[in-house]
Amino acid sequence: MEAFQRILTFVLNQKTVIGYSFMALLTMGSERLFSLVAFKCPCSTENVVYGLVFLLAPAWVLLILGFFVNNRTWKLFTGCCGNSRTTLPRGHRGRFFYVFFQITLSSLVAPTMWLSVALLNGNFYECAMSGTNSPSLLRWICKGKPKECWEELYKVSCGKTSMTPSDNEELKLSLQAQSQILGWCLICAASFISLLTICYARCRSKVSYLQLSFLKMYTQKEKKQLENTFLDYANRLSERNLKCFFENKRPDVFPMPAFAAWEAASELHSFNRSQQHYSSLHRVVEDGLELSPEDEETTMGLMDTAHNG
């Protein structure tokens, strides 16, 4: 039992690394499946479009999915059109773009993995480059090759050129080598940019390493307990409402946060040294609420809508 607890603790502490490792394996498997099952280079003038679609379209889809599955995206954008003071509070508007930049960076992980694996494999790049009509690219690719290379480059992927098999294979290997070089360049660039970004963020941190570790732990615990509290209160409220509905009686008062409290707890949080609040919820609990005329008007409007409904 103790050994199992140690393993569980290790997994929880390294869940980010394990998650990225699983994502890398899944990306490699998906790319391999695409290459073997779905990808068939047409060996025609459509090579460029076909190859680029298989190379870039999955990366674009993964980027969109990265935004979709990130809870911070919806916390950032929920209500930003109807009430911009929540996501763009006065004096902290740069925080909105900083958080959006963080979300974008995390969403770029999966597309970068896909592009890296696809380029290292070389099939998509080979198909796309073999269909080029650019004189400069043709001069670069066909340098030192037979003259048939200029006219039949799009047939190289299928091995149907009039060149000798050795020349055809050499040209294919050359294109795949270019793809793999680009793949390794992308991996090195992404790793270096990630390191620079993390170092810059840590250098600009307003708190020490220990307090930052505590902040991360607090954020995780608050999120987990908040979900449990949501479930508990939702169960109790729905149970009360159903019971009153079927028994045809007036409900007892059920304590719930005010509209302004929901708004304040949903705001973007920026750490302040003078007030050690570790989240927007923490700030609301410690400092309470100061309703502005607009907040009062919104709260009353919500209550009127509820009563009229």
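User: Why is His 277 called buried?

Analyst: His 277 has a relative accessible area of 8%. Buried means under 20%, exposed over 50% and partly exposed in between, with a 1.4 Å probe and protein chains only; His 277 is therefore buried. The model is predicted, so local features need pLDDT of at least 70 and side-chain atom pairs count only at pLDDT 80 or more, while totals for chains, interfaces and linings use all residues. Residues are numbered from 1 along each chain as its sequence is written, and side-chain values use heavy atoms, leaving out hydrogens and water.

User: Which residues does His 277 touch, not counting residues up to four places away in sequence?

Analyst: With contact meaning heavy atoms within 4.5 Å, His 277 touches His 269, Phe 271, His 282, Arg 283, Glu 286 and Asp 287. His 277 is found in the loop between helix H13 (259-265) and helix H14 (280-287); helices are DSSP runs of H or I, at least four residues, numbered from the N terminus.

User: What makes H7 roughly antiparallel to H11?

Analyst: The axes of H7 and H11 cross at roughly 155° and come within 7 Å. Angles over 145 degrees count as roughly antiparallel, under 35 as roughly parallel, 65 to 115 as roughly perpendicular and the rest as oblique; H7 is therefore roughly antiparallel to H11. Axes are lines fitted to C-alpha atoms over the stretch in contact, with angles from 0 to 180 degrees between N-to-C directions.

User: Which residues of H7 make the contact?

Analyst: Thr 112, Leu 115, Ser 116, Ala 118, Leu 119 and Leu 120 of H7 take part.

Key: Helix = DSSP H or I, 4+ residues; strand = E, 2+ residues; numbered from the N terminus.
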